[in-house]
Amino acid sequence: MSYTTEIIENGKGILHTGSGTVAGAELMSSAATVLKLVQEGLKPEFALIDLTDVKNFAVSAEEISRNAALNNGISRYLPSAKVAIIAPAPDIYGMVRMWQAHIDSSGWISHVFRRKEEALAWLKKEVR
């Protein structure tokens, strides 16, 4: 898979990492997995999504919308989560901003960054 999901920092965070070609179905599968985990009691405080190594973001606007709907479901369990997204490529950055518009009412605080260092510094300040 070119989009992976792992639990980090003893359950305090979730790391999503994309590489190569990332398809919408992978995003949906990942969101469904996280939803199941939080329904079972996982309570991460933050998510870090690293799209630095993605060469082709094969995700449609409709898939962004459906993924955001799943994420809004997750936000019912984690209403104050912090989400940092690393998206250096302009086209991916734009799609992530579209996703942000869809999850605006979730309660999540999310930011899109061009560089990993900026994302990690922001998370360090936001998650105590």
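**Figure 1. The largest cavity of the predicted model has a volume of about 370 Å³.** The model is predicted, so local features need pLDDT of at least 70 and side-chain atom pairs count only at pLDDT 80 or more, while totals for chains, interfaces and linings use all residues. Residues are numbered from 1 along each chain as its sequence is written, and side-chain values use heavy atoms, with hydrogens and water left out. A search of the whole structure finds 1 cavity of 30 Å³ or more. A cavity is a set of points, on a 1 Å grid over the protein atoms alone, where a 1.4 Å probe fits but cannot get out. Grid points are joined across faces, edges and corners, and the volume is the space filled by probe spheres set on the points.

**Figure 2. The lining of the largest cavity comprises 26 residues.** Lining residues have an atom within 4 Å of a cavity point. Tyr3, His16, Ile49, Asn71 and Trp99 lie nearest the centre of the cavity. At least two lining residues each come from β2 (13-23), α1 (24-39), β3 (46-58), α2 (61-75), β4 (82-86) and α3 (90-102). Helices (H or I, at least four residues) and strands (E, at least two) are DSSP runs, numbered from the N terminus. Strand β3 contributes the most to the lining, with 5 residues. Sorted by class, the lining holds 20 nonpolar, 4 polar and 2 charged residues. In this classification Ala, Val, Leu, Ile, Met, Phe, Trp, Tyr, Cys and Pro are nonpolar, Asp, Glu, Lys and Arg are charged, and the others, Gly among them, are polar.

**Figure 3. The largest nonpolar core has 29 residues.** Such a core is a set of buried Ala, Val, Leu, Ile, Met, Phe, Trp, Tyr and Cys residues joined through side-chain atoms within 4.5 Å. Buried means under 20% relative accessible area, exposed over 50%, and partly exposed in between (1.4 Å probe, protein chains only). Leu51, Phe57, Ile85, Trp99 and Trp108 have the most contacts inside the core. Two or more core residues are given by each of β2, α1, β3, α2, β4 and α3. The largest share, 5 residues, belongs to β3. In soluble globular proteins, nonpolar side chains tend to be buried together.

**Figure 4. The count of aromatic pairs comes to 2.** Rings of Phe, Tyr and Trp (its six-membered ring) pair if their centres lie within 6.5 Å; planes under 30 degrees apart count as stacked, over 60 as edge-to-face and the rest as tilted. Trp99 and Trp108 form a tilted pair, at 6.5 Å centre to centre and with 40° between the planes. Trp99 is buried at 7% relative accessibility, and Trp108 is buried at 13%. The ring centres of Phe113 and Trp122 lie 5.8 Å apart with the planes at 50°, so this pair is also tilted. Phe113 is buried, with a relative accessible area of 12%, as is Trp122, at 10%.

**Figure 5. Arg114 lies over the face of Tyr93.** The distance from the ring centre is 3.9 Å. A charge sits over a ring if NZ of Lys or CZ of Arg is within 6 Å of the ring centre and within 35 degrees of the ring normal.

**Figure 6. Glu9 and Asn10 lie in the loop between β1 and β2.** Strand β1 spans residues 3-8. Glu9, although not a glycine, has a positive phi of about 50°. Asn10 also has a positive phi, near 55°. Most residues other than glycine have a negative phi, and most peptide bonds are trans. Glu9 is exposed at 52% relative accessibility, and Asn10 is exposed with a relative accessible area of 87%.

Figure 7. Ile92 is buried, at 2% relative accessibility; its C-alpha atom is separated by 15 Å from that of Leu48, 44 residues apart along the chain. Ile14 is buried, with a relative accessible area of 3%, and its C-alpha atom is separated by 18 Å from that of Arg115, 101 residues apart along the chain. Glu62 is partly exposed, at 46%. The C-alpha atoms of Glu62 and Ser2, 60 residues apart along the chain, are separated by 20 Å.

Notes
1 Å grid on protein atoms, 1.4 Å probe; cavity = no way out; pocket = protein on both sides within 12 Å on 5 of 7 lines; lining within 4 Å.
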